[in-house]
Amino acid sequence: MECWHCERPAHAACRFCGRAVCKTHTQEMPYIIHTYRTASGSYKAIVVAGAVYCGVCRPQQDPVELKNME
Ligand SMILES: [Zn+2]
Ligand SMILES: [Zn+2]
């Protein structure tokens, strides 16, 4: 696989969209692996800091409502 940005050999794949990136173009972003609700009713998330991010895709903060899914 080659880097999405420069077409040199890639070292990693974006955790969010799967694009391949080389070391130069790899960015980091916190990645939420799990969310849960505590007994007191607040929401918490288990987050991996520094997950590989391609710098191109746009991970959305909130779940997206799907339309036209008949
Ligand atoms: Zn690159
Ligand atoms: Zn990506």
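**Ground rules.** I am working on a predicted model, where local features need pLDDT of at least 70, side-chain atom pairs count only at pLDDT 80 or more, and totals for chains, interfaces and linings use all residues. Residues are numbered from 1 along each chain as its sequence is written, chains are lettered from A and ligands numbered from 1 in the order in which they are written, and side-chain values use heavy atoms, with hydrogens and water left out.

A donor is an N, O or S atom within 2.8 Å of the metal (3.2 Å for Na, K and Ca), and since water is not among the atoms, sites may look incomplete. I take strands as DSSP runs of E with at least two residues, and helices as runs of H or I with at least four, numbered from the N terminus.

Are Cys 14 and Cys 54 buried or exposed? Cys 14 counts as buried at 5% relative accessibility, and Cys 54 counts as buried at 0%. The scale calls a residue buried under 20% relative accessible area, exposed over 50% and partly exposed in between (1.4 Å probe, protein chains only).

**Zinc, ligand 1.** Next I turned to the zinc ion (ligand 1), which is held by SG of Cys 3, Cys 6 and Cys 22 and by ND1 of His 25, at 2.0 to 2.3 Å. Its four donor atoms subtend angles of 100 to 116°, so this arrangement is tetrahedral. For reference, the ideal angle for four tetrahedral donors is 109.5 degrees. I noted the sequence spacing as C-x2-C-x15-C-x2-H. Cys 6 is in the segment before β1 (12–13) and His 25 in the loop between β2 (20–21) and β3 (27–37), so the pair ties together parts 19 residues apart in sequence. Cys 6 is partly exposed, at 27% relative accessible area, and His 25 is partly exposed too, at 25%.

**Glu 7.** Glu 7 also lies in the segment before β1. Its phi is near 65°, a positive value in a residue other than glycine. At 59% relative accessibility I log Glu 7 as exposed.

How many bridges join β3 to β4? I read nine, with the two strands running antiparallel; strands pair if DSSP finds at least two bridges between them. Five residues lie between β3 and β4 in this hairpin, and Gly 41 in the turn has a positive phi of about 95°. Within the pairing, His 34 stands opposite Ile 46 in β4. Gln 27 belongs to strand β3 and is partly exposed at 40% relative accessibility. I checked Gln 27 against Ser 42: they are 15 residues apart in sequence and 30 Å apart in space, C-alpha to C-alpha.

**Gly 55.** Gly 55 is in the segment after β4 and counts as partly exposed at 33% relative accessibility. Its C-alpha is separated by 17 Å from that of Pro 9, 46 residues away along the chain.

Terms used
Four donors count as tetrahedral if all angles lie between 85 and 135 degrees; four count as square planar and six as octahedral if opposite donors are over 155 degrees apart and all others between 65 and 115; anything else is irregular.
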